[in-house]
Amino acid sequence: MTSPSRSDAPAPPPAETPAPTRTTTLTVGGMTCAACVGRVERKLGRLDGVAATVNLATGRATVRHSAAVSVTDLVTTVEAAGFTARPHEPAPAPGTEDRPSPAGRPDDGDDGDAARAERHRLLVTAALALPVLVLSMVPGWQFRNWQWLCFVLAAPVAVWGAAPFHARALRGLRHGAATMDTLVSLGVVASFAWSAYALFLGGAGTPGMTMPFSLLPAAGDGTAHLYLEAAVGVPLFVLAGRRMEARARRGTGAALRALAELAAKDVEVRTDGDGERGRRIPVDRLRAGDRFLVRPGERVATDGTVVEGGSALDLSLISGESRPVEVGPGDAVVGGALNSGGLLEVRADAVGADTQLARITRLVEDAQTGKTKVQRLADAVAAVFVPGVLTVSVTVLGFWLGAGADPQSAITAAVAVLVVACPCALGLATPTALLAATGRGAQLGILVRGPAALERLRRIDTVVLDKTGTLTTGRMSVTALTARTGGLDATQALRLAAVVEQGSEHPLARAIDADAAARLPDRPLPPVRDFAATPGHGVRGTADGHRVEVTRPGDLTGLPAPLPEAVHTAETAGHTAVLVTVDGTPEAVLAVGDTLRPDGYRAVDHLRRLGLRPVLATGDREATARAIAGHLAITEVHAGASPEDKAALVTTLKEQGARVAVVGDGVNDAAALALADLGIAMGSGTDAAIGAADVTLVREDLQAIPDAVRLARRTLGTIRGNLVWAFGYNLVTLPLAAVGLLSPMPAAAAMSASSLLVVGNSLRLRAWRPGGPGGRDRRPHGRRTRPHGETS
């Protein structure tokens, strides 16, 4: 159809807004290799406006599609490709299901009829195949008519034991596709059919016939050779290999299942009419605003705020924080934390899918469904790999027959090519490593959004660090307390100051109150009298009969020693100096400031050892920024930076060729986090920062930053090693099989071993430790001093 000319064309309609897209996750059954993955992705990709990513290890397809394409259309398309499909049931809101299954294919694992049937098939196949293998491989045990017994035992293995491969091969044939099952099925059928021919027509059925065993194909000697050991060995090894792969894949998802199982199943809710004990309800009936009890040994049911009581919470399985965290009234608590102390009454702030535990689970699940760039290349190769292998097998058969070779040698070479060429390892190389790494990262308090973030995390060379809430705790506290010589004791001065500050809501006042409560837990504060506050100056009041003033210091010349030096030290460190005057006499100076995290220096030092360039960018004043940078040995400082300035700094660094990561926690960091090559948000930060970041550090520990970089480098190294092995295995074994130097049975064993090696290599990531092999460097690095800003 031609377009109307400009002269008579009606006014163009308003520009159409792009159709909104949605994301659907399908659980796909029947996939066995990377070729299956490619087929499902291609079939779904042919639908208008559909883009799909399929993960072999989890058996899931993540599909982005328009509203015009329904979930039913997606399921029908996958089924038309010869696989089963159903909408994936996401990990439930914590506590709403007894046994979540966030990883693994539908037929994986130890539960369910399908798993039991596969286990039964493997056991029967092993019982029938082992005598055949032994008799075929040990000539001294070959009694009269042994070959006929082997034939009788091999027949059910070739037909029933290999039935899943035959069924999937036929299903693929109906859809015009070839997979690894096609190769296995053809190998079993060819081996068994040739052996049947040899027994009935080729003279191998003669009583008293013996057959020497060799890893190399037998040369023609006038008697047709039997390949019953290959006919039973191929399905046995492949069934056993898949069984072990399934168990290994369940191991890679163990960390995610552990997270899901942290959720409480029921909760003790307390209302005004209840007594000391509340009533227990299922956790899915809990609503925001409800108050619930957490007894010692129980898990916190959902995110909330402590209303009454105090205790220590174990967060090790949620954030990787090894030390118990003390909480009391007003403190926030996280669902899934284990109460290891006293009774807590908590007000629910978030429930269901809005909790931090649910967000962690979703992030890890999303990360596990993605692919790295190198895995996409592997999938593209695997898509044409199986048809290519079939072509090679037919070519090898024709070549040897055309060259006048013995027919059994030609058939042996062709069958060995079919059996040895398995793209399973290619399909498992990346997803198993990602499953293990993201699960391990979650255990360590490091949440990575996906494979692309892992790749970028590995390549960064510059880290822009925010100050408040990132390098520092984000909470004001008393960092130093200095009393005048010959005057009141320091703790007495602090107590009097805290009594007066009770009447103020200023952050400095809260810091002084908190420090007094920590230093003097057994000395309750009396009420303040005659309280008055002067904005910008300080507060005053009567405490224990003394007139007390807590103010900013003015002229230092009238202060007794060593108070002037304490004021100077506080200001140099970027802290606020507060003067405590009692009955008109200056008695003490308190330094109040946002303290460095205790591990700040070590974390920045480890970043430098990893070859990363630390840059400090903060909206704070120059003196404070320089003081913090001095404590951390950071030489590049950008102070007084607005959100726009931080974003511009990131852009400038990228234009200079740097690969930039930004670490922040506030709304003012969101723009820089989004612009950076990689955004890293502190888990204690705002939702805006976390939403803009690629990596979230749940653990309140700056060491998580270098740990995340090391984990990314280790994971990408594991993936590369897996793919090198997967490609290298086929590059070596295919030519050996084609030239007749590899018989079908050891070929089947080698094929299964390649997949197991890939999965086993990935499983090593589950045991990765920041301080272990491949983890944190323990070697001393240069001169190590403890900056005085690291501790309060």
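**Helix pairs and a buried glutamine**

Me: How many helices and strands does the protein have?
Reply: The protein has 25 helices and 26 strands, and the model I am reading this from is a predicted one.

Me: What share of the residues counts as buried?
Reply: Of the 792 residues in the protein, 52% count as buried. As for contacts between residues at least 6 apart in sequence, 72% of them join residues at least 24 apart.

Me: Left-handed or right-handed?
Reply: The crossing of α5 and α6 is left-handed.

Me: And which residues meet there?
Reply: From α5 there are Phe165, His166, Arg168 and Ala169, and they meet Asp181, Thr182, Val184, Ser185, Val188 and Val189 of α6. Sorted by class, this contact has five nonpolar, three polar and two charged residues.

Me: Switching topic, where is glutamine 142?
Reply: Glutamine 142 lies in the loop between α3, which spans 113-137, and α4, which spans 146-161.

Me: Buried or exposed?
Reply: Glutamine 142 has a relative accessible area of 8%, and because the cut-off for buried is under 20%, it counts as buried.

Me: What does its side chain reach?
Reply: The side chain of glutamine 142 reaches the backbone oxygen of leucine 135, at 2.9 Å.

Me: Which residues is glutamine 142 in contact with, leaving aside neighbours within four places in sequence?
Reply: With those neighbours set aside, glutamine 142 is in contact with Leu135, Ser136, Thr210 and Met211.

Me: Back to helix pairs, how do α16 and α17 cross?
Reply: The axes of α16, residues 490-501, and α17, residues 507-519, come within 9 Å and cross at roughly 130°, which makes α16 oblique to α17. The crossing of this pair, α16 and α17, is left-handed.

Me: Which residues of α16 and α17 meet?
Reply: Leu494, Ala497, Ala498 and Glu501 in α16 meet Ala509, Ile512, Asp513, Asp515, Ala516 and Arg519 in α17. By class, the contact of α16 with α17 has six nonpolar and four charged residues, with no polar ones.

How values were computed
Residues are numbered from 1 along each chain as its sequence is written. This is a predicted model: local features need pLDDT of at least 70, side-chain atom pairs count only at pLDDT 80 or more; totals for chains, interfaces and linings use all residues. Side-chain values use heavy atoms; hydrogens and water are left out. A crossing is left-handed if the near helix is turned anticlockwise from the far one by less than a right angle, and right-handed if clockwise. Helices (H or I, at least four residues) and strands (E, at least two) are DSSP runs, numbered from the N terminus. Contact means heavy atoms within 4.5 Å. Ala, Val, Leu, Ile, Met, Phe, Trp, Tyr, Cys and Pro count as nonpolar, Asp, Glu, Lys and Arg as charged, and the others, Gly among them, as polar. Buried means under 20% relative accessible area, exposed over 50%, partly exposed in between (1.4 Å probe, protein chains only). A polar contact is a pair of N or O atoms within 3.5 Å; within protein, one must be able to donate a hydrogen and the other to accept it, and residues adjacent in sequence count only if both atoms are side-chain atoms. Axes are lines fitted to C-alpha atoms, for helices over the stretch in contact, and angles run from 0 to 180 degrees between N-to-C directions. Angles under 35 degrees count as roughly parallel, over 145 as roughly antiparallel, 65 to 115 as roughly perpendicular and the rest as oblique.
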